[in-house]
Amino acid sequence: MSERRLPEPRIRDEFRRELRARLMSEAAVTLVPKRRDTAWTAWLRPAFAAGLAALVLIVGAGSAAANSLPGDAVFPLKRAIEEVRVALTFDDVSRVRVLAELADQRLSELEKVASRDDKSPTASDEYAQAVARFRAAVDALQQAAPEDKSEAAQDVADAARAKHEFILEKLKDRLTEKAKDAVDRATEEEQKDTPQDVKDKDKKDKGEGQGTPGNNNGTPGNGNPNATPPGNNERTNAPRTSPPARRP
């Protein structure tokens, strides 16, 4: 009985083309010589990785610091970011506004922890320091700046004082005893007269009690309604006598 031969295997053309394309793609990757790192690239690659990791940490820490409260571990980072903002504000009036906003921020933080003994003393101290720094900047600007900037700083100070007094009035029943001392210091600081307040009072005092310009000898124009009109100073006040009666 004769052996049955199987047909000779043949590679299909389509399979041959796919195999060749795959081998060529692998060769393009395998046969390319590897680039050797120079001293510069060898240092730059880990430095770039470390910088990227530091950036991720800073961004994450900055996000956590933005929501931090006085006494938290990342609160100093929040303060450092605020100091950069103040340092980059070059206009005097704008800097006063920034310091007013920071005082508002400290008061907002105090609101959140007003009834907590572990947080409120630190938060109240931070608020008092922010108010003192803000008012010192207002005083310095008013003593050295032109009149328009002085008045603008006064407007900021008046608005901040009104806002803080309103919030503290609602907050006073919630404050712990340890926090009240610092809040009282801040309130006294804000109630002090600024240089512009003193100027305004001086102008008001000088304007009171002054009459219409005139002389000082009792003539009209000096606020005396019983003064004698000008030109009549020679008249006497002697009573008139009746003429003698005629005899018949």
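How far apart are the end C-alpha atoms of helix α4, and what should its 21 residues span? I began my notes on this predicted model with that check. At 1.5 Å a residue, helix α4 (residues 92-112) should span 30 Å, and I found its end C-alpha atoms 31 Å apart, which agrees.

**Entry: confidence**

I looked up the pLDDT before reading further. The mean for the protein is 76, and 62% of its residues reach 70 or more. Confidence is highest in α4, at a mean of 96, and lowest in helix α2 (residues 39-66), at 58. I also noted two stretches where pLDDT stays under 50. Over residues 211-223 the model has 14 contacts beyond four places in sequence. Over residues 230-243 the model has two such contacts.

I then asked which residues of α4 are buried. They are V93, V96, V98, L99, A100, L102, A103, R106, L107, E109 and L110. I next looked for what covers them, and the cover includes α3 (75-87), α5 (120-144), α6 (147-171) and α7 (177-191). At the start of α4, I found a side-chain oxygen of D91 within 3.3 Å of the backbone nitrogen of V93.

I turned to T89, which is placed in the loop between α3 and α4. Is T89 buried or exposed? T89 counts as buried because its relative accessibility is 13%, and the cut-off for buried is under 20%. The side chain of T89 reaches the backbone oxygen of R85 at 2.8 Å. Leaving aside neighbours within four places in sequence, I found T89 in contact with S94, R95 and V98.

**Entry: nonpolar cores**

In soluble globular proteins, nonpolar side chains tend to be buried together. With this in mind I examined the largest nonpolar core, which has 19 residues. The members that touch the most others are L107, L110, Y127, L168, L171 and L175. Helices α4, α5, α6 and α7 each supply at least two residues of this core. The largest share, five residues, comes from α5. I also recorded a second, separate core of 16 residues, which includes V93, V96, A152 and A157.

**Entry: Y127**

Which residues does Y127 touch, not counting those up to four places away in sequence? I listed A103, R106, L107, L110, H164, L168, A186 and E190.

Notes: Residues are numbered from 1 along each chain as its sequence is written. This is a predicted model: local features need pLDDT of at least 70, side-chain atom pairs count only at pLDDT 80 or more; totals for chains, interfaces and linings use all residues. Side-chain values use heavy atoms; hydrogens and water are left out. Helices (H or I, at least four residues) and strands (E, at least two) are DSSP runs, numbered from the N terminus. The expected span of a helix is 1.5 Å times one less than its number of residues. Buried means under 20% relative accessible area, exposed over 50%, partly exposed in between (1.4 Å probe, protein chains only). Contact means heavy atoms within 4.5 Å. A polar contact is a pair of N or O atoms within 3.5 Å; within protein, one must be able to donate a hydrogen and the other to accept it, and residues adjacent in sequence count only if both atoms are side-chain atoms. pLDDT is the predictor's confidence in each residue, from 0 to 100. A nonpolar core is a set of buried Ala, Val, Leu, Ile, Met, Phe, Trp, Tyr and Cys residues joined through side-chain atoms within 4.5 Å.
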